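Subject: Handover of a structure and findings

Dear colleague,

I am passing on to you the structure shown below, together with an account of what was found in it. Please read the account with the structure open beside it.

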Amino acid sequence: MELTVKEKHRLLERYGAWAIVTGATSGIGLEIAIQLASAGFNLIINARGAERLLALENSLRVQYGVDVIAVAADLATAAGVEQLVRAVNGKQIGLLVASAGYGTSGLFTDSSLHAEVDMLRVNCEAVLSLVHYFSMRFCNAGRGGIVLLSSIVAFQGVPYAAHYAATKAYIQSLAEGLNAELKLRGVDVLAACPGPVRSGFGRRANMQMNMSLTPSQIGIPILNALGRRSIVLPGLLSKLLTYALRTVPRSVKVKLMQGIMGGMTKHQRVKG
Ligand SMILES: NC(=O)c1ccc[n+]([C@@H]2O[C@H](COP(=O)([O-])OP(=O)(O)OC[C@H]3O[C@@H](n4cnc5c(N)ncnc54)[C@H](OP(=O)(O)O)[C@@H]3O)[C@@H](O)[C@H]2O)c1
C-alpha cells in the first residue's frame, strides 16, 4: 500500500518539513517512517538498536532523497528522551509519531516489577515527555501533528495483559483530551488503535498474534486519519471489536477479553 499523491501533499504541507518517529526500525513505526519519507518528509528516527537504525537511515536517504538523522536511544531512560529532544536542534519539526512501545503478558503475579516499570516508562512516561515538549513547540508555531499508538486493548481491562492494556488506556485518554485541547491552537492529535499486527511486538510480548494485519495495512489508514479524526481503528477486526461491543457492559467486555487474551498468551496455552 502507498499514500496517494494527494495525501502526500496534504501531509507534507500540513506537518512538514521534518517528522520525528520513535520505534522506527520495526513494525508500525517502520511502515510510517517509510511512508513519510516517500511523501518527502525529512526524518529523525529513533530506536535502541543502532545497527538497524543506521541501515534504515541510509536506505531512506538513498531511496527517497530525504535528510535522515538516526538517534539510537533507550526511551525507558530520561537520558534517552533528552538525547532525542536534543537531536531536534532548531529543525522545523511538524509531526511526532510516538510508536516505540511494547507489551507484556501472562499472570500479573508472575511478572517482574522491574520489567513492568520499564514498559510503563517507554509506553507512557517517554510519550508524556515527548508530547509535552513537542505540543508546546507546535502550539507556538500554530501547526503540527501528533500520532500516539493506543490499541484496541485500551477500551477495557484485559486479563493476562492487564498492565499493558493500562498503559494503552493512558495513551488513549491523553490523546483524546489533547486532541480537543490542541485543535484550537492548530495542532492535530490522533489516537491510533490497531488490533493485532504482525511485527516484533508479539515475540517481545509473548503473545500469539492471531488474525493479525501487516504493518503495511496499518500505516496508511493511520496517516490518512491524521487531521481528520481523533481516533482511528485500522482494520476490520479492530472496528468489529470496538464498535460492535460499544453497547456491551464494560464488565462483559473484560470477560470477552479474558478469553481472547487467554488464547493469545503463553499462560493460557500452558495451563489449558
Ligand atoms: N503489534 C501489535 O499488535 C500492536 C497493536 C496495537 C498497538 N501496538 C502498539 O504499536 C506500537 C508499535 O508496535 P509494533 O507492533 O510496531 O512493535 P515492534 O515491531 O516491536 O516495534 C517496536 C519499535 O520500538 C522500538 N523500541 C522498543 N523499545 C524501545 C525503547 N526502550 N526505546 C526506544 N525504542 C524502543 C524497537 O526498536 P529497538 O528494539 O531496537 O529499541 C522497534 O523499533 C507500540 O506502542 C505497541 O504497543 C501494537
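How many cavities of 30 Å³ or more does a search of the whole structure find? The search finds one. Please note that the model is a predicted one.

**Cavity and pocket**

The space in the largest cavity comes to about 50 Å³. Its lining is made up of I152, F155, Q156, L241, T242, L245, K253 and M257. Two helices, α9 and α10, each give at least two residues to that lining.

The largest pocket has a volume of about 1,100 Å³. It is lined by 47 residues, and those closest to its centre are G101, Y102, S199, G200 and F201. Two or more lining residues come from each of α2 (27-39), β2 (42-47), α5, α6, α7 (201-205), α9 (236-243) and α10 (250-264). Of these, α10 provides the largest share of the pocket lining, with four residues.

**Nonpolar cores**

The largest nonpolar core comprises 36 residues, and I146 and L148 have the most contacts inside it. Elements that contribute two or more residues to this core are β1 (18-22), α4 (78-86), β4 (93-98), α5 (113-141), β5 (144-149), α6 (162-183) and β6 (187-192). The largest share, seven residues, is supplied by α5.

Which residues does I146 touch, leaving aside those up to four places away in sequence? They are L95, L96, V131, S135, F138, L182, V187, D188, V189, L190 and L226. Another core, of 35 residues, lies apart from the largest one, and A37, F41, L56 and L95 are among its members.

**Aromatic rings**

There are three aromatic pairs in the structure. In one of them, the ring centres of Y133 and F134 are 5.0 Å apart and the ring planes stand at 90°, so this pair is edge-to-face. Y133 has a relative accessibility of 27% and therefore counts as partly exposed, whereas F134 is buried, with a relative accessible area of 0%.

F134 also pairs with F138: their ring centres are 5.9 Å apart and their planes lie at 40°, so the pair is tilted. Why are F134 and F138 separated by about one helical turn? The reason is that they stand four residues apart in helix α5. F138 counts as buried because its relative accessibility is 1%. Through these ring pairs, Y133, F134 and F138 are linked into a cluster.

Two rings have a charged residue over the face. K91 lies over the face of W18, at 5.5 Å from the ring centre. R204 lies over the face of Y102, at 3.5 Å from the ring centre. Y102 has already been named among the residues closest to the centre of the largest pocket.

**Backbone features**

Some points along the backbone may also be of interest to you. Most residues other than glycine have a negative phi, and most peptide bonds are trans.

The peptide bond from G16 to A17 is cis, with omega near 15°. A17 belongs to the loop between α1 and β1.

Y160, which is not a glycine, has a positive phi near 70°. Its position is in the loop between β5 and α6. Is Y160 buried or exposed? Y160 is buried, since its relative accessible area is 16%, and the cut-off for a buried residue is under 20%.

N206 is likewise not a glycine, and its phi is positive, at about 60°. N206 lies in the loop between α7 and α8 (216-225). With a relative accessible area of 36%, N206 is partly exposed.

E7 is located in helix α1 (residues 5-15). Where a relative accessible area of 8% is found, as for E7, the residue is buried. Not counting residues up to four places away in sequence, E7 touches L223, N224 and R228.

With kind regards

Terms used: Residues numbered from 1 in each chain as written. Predicted model: local features only at pLDDT ≥ 70, side-chain atom pairs only at ≥ 80, totals over all residues. Heavy atoms only, no water. Core = buried A, V, L, I, M, F, W, Y, C linked by side-chain atoms within 4.5 Å. Buried < 20%, exposed > 50% of the residue type's maximum accessible area, 1.4 Å probe, protein only. Contact = heavy atoms within 4.5 Å. Phe/Tyr/Trp six-rings, centres within 6.5 Å; stacked < 30°, edge-to-face > 60°. Lys NZ or Arg CZ within 6 Å of the ring centre and 35° of its normal. 1 Å grid on protein atoms, 1.4 Å probe; cavity = no way out; pocket = protein on both sides within 12 Å on 5 of 7 lines; lining within 4 Å. Points joined across faces, edges and corners; volume = space filled by probe spheres on them.
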